[in-house]
Amino acid sequence: SSTDAVCGKRAVSALLGHGEGTACAVSVRELVETAITRSATAVRVTAVQATCQLQLTLSCCRRGEDWLIYAVFLPLPERKESVNALVGALMDAYLPGGFLICTPYPAFSIRFANRAFIAMLGYDSREELLAATQGSVLSCVYPEDMRMVMECAPVRDRSAEPYQISYRMLRKNGSYLWVSQQSQHAQREGEELVFAAYTDITAQKSAEQVISTAMRSYEVSLWEWDLQENSSHQYLRCHRASAFIKDSYTDYPQILLDIGYYHPDSVALARSIWERVRAGVPRVEEILHVYDPATGEYWWESLCYTTLFDRTGKPIRAVGLGRDVTAQRELELERDREAQKYETLVQSLPGGVGIYRLDERITPLYVSDGVARLSGMTREEYFDAI
């Protein structure tokens with residue numbers, strides 16, 4: 001009886017008719033029409049200055065010589081507008097990112113938007129947002145991303161599974177920001193709604209763009225291979241692979257053979273690479289001959305897989321890095337061809353040819369088969385003897 005004040009959160013203050021952000025301090029006797037006993041109880045009360053009825057759940061506990069009362073306020077279901085007010089207050093107060101409730105495909109009419117979502121798009125109020133968008137969240141989608149958003153959004157009654165998508169949204173000033181949207185379809189009072197949480201990922205996307213631009217100057221490809229799902233996701237593509245390789249595959253790496261990505265002479269090597277990665281080899285590097293549909297010719301790709309493991313040591317993913325080494329590889333092959341021509345010419349000469357370095361001793365650098373035959377030795381024996 002000596003405790004006359006109840007202190008509550010902002011949502012409770014609003015429901016009790018107090019100004020926003022002020023502490024709730026009212027007499028317990030003014031709220032509760034039933035005697036408070038020193039045990040947990042639940043009673044219905046009518047809030048002072050409020051427009052709705054509340055259910056007040058009380059719990060009593062002792063701390064030292066004092067008895068404390070913990071009160072939980074919940075609006076009664078018969079007042080729908082009060083429930084919406086409480087939900088809105090909670091969304092504004094406790095959700096760090098944007099939150100939106102709208103109707104499903106195809107209208108996407110806005111039912112609720114919290115303050116963080118409104119501020120994210122540069123608006124000052126819900127009324128301004130609704131007026132500028134004509135009540136539809138589709139008006140906020142960047143035009144170039146509209147098709148992707150519509151294709152990713154589940155149609156009515158298709159699925160209750162949550163889904164995630166990243167795209168650009170228009171701000172009030174005409175600029176755009178990148179958002180990651182996590183959505184869930186649900187039924188509420190007989191109406192199907194979409195509950196969507198938004199995170200601003202503009203800084204992340206800008207960093208990715210800078211890295212992508214820098215990496216493209218080195219003509220590299222970067223992708224991830226999920227060993228458990230046999231799927232892949234491409235992050236970067238070098239110029240020659242961009243016309244052939246998609247962003248993702250669900251039957252990776254077999255799809256690369258199916259689409260003829262590798263030269264027939266490199267197929268066996270490609271299979272060997274995949275087997276080694278699946279077997280848990282930490283790092284696999286090879287050079288393969290791959291197809292360029294733009295020119296109808298083949299080019300050379302230096303491929304490196306780095307294998308990732310779970311806590312038990314089981315390989316679960318691999319990060320692939322591909323680099324266009326056509327110029328270097330063709331130079332090496334040209335050198336090999338020239339060396340082969342020289343070898344053929346030397347071997348055709350009568351007698352033998354030897355190349356030596358003169359220092360403290362005579363060191364053979366090259367001898368033809370003729371020199372070895374004249375000495376009665378093989379090449380290897382001749383080098384060892386000299």
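Skipping its neighbours within four places in sequence, M169 is in contact (heavy atoms within 4.5 Å) with F117, L121, V137, C140, Y142, S175, Y176, L177, V179 and Y198. Bear in mind that this is a predicted model, where local features need pLDDT of at least 70, side-chain atom pairs count only at pLDDT 80 or more, and totals for chains, interfaces and linings use all residues. Residues are numbered from 1 along each chain as its sequence is written, and side-chain values use heavy atoms, with hydrogens and water left out.

**Cores**

- M169 also turns up, with F117, L129 and Y198, among the residues with the most contacts inside the largest nonpolar core, which has 26 residues.
- Such a core is a set of buried (under 20% relative accessible area, 1.4 Å probe, protein chains only) Ala, Val, Leu, Ile, Met, Phe, Trp, Tyr and Cys residues joined through side-chain atoms within 4.5 Å.
- Strand 6 (163-170) and helix 4 (115-120) are among the elements that each supply at least two of its residues; helices (H or I, at least four residues) and strands (E, at least two) are DSSP runs, numbered from the N terminus.
- A second, separate core of 23 residues includes W225, Y262, I273 and V284.

**Hairpins**

- Strand 12 (residues 283-292) runs antiparallel to strand 13 (residues 297-309), with ten bridges joining them; strands pair if DSSP finds at least two bridges between them.
- Four residues sit between these two strands in a hairpin, and G296 in the turn has a positive phi of about 75 degrees.
- Strand 13 also pairs with strand 14 (residues 315-324), antiparallel over nine bridges.
- That hairpin has five residues between its strands, including G313 in the turn, with a positive phi of about 90 degrees.
- Y305 stands opposite V284, and its bridge partner in strand 14 is G320.

Definitions and conventions: Buried < 20%, exposed > 50% of the residue type's maximum accessible area, 1.4 Å probe, protein only.
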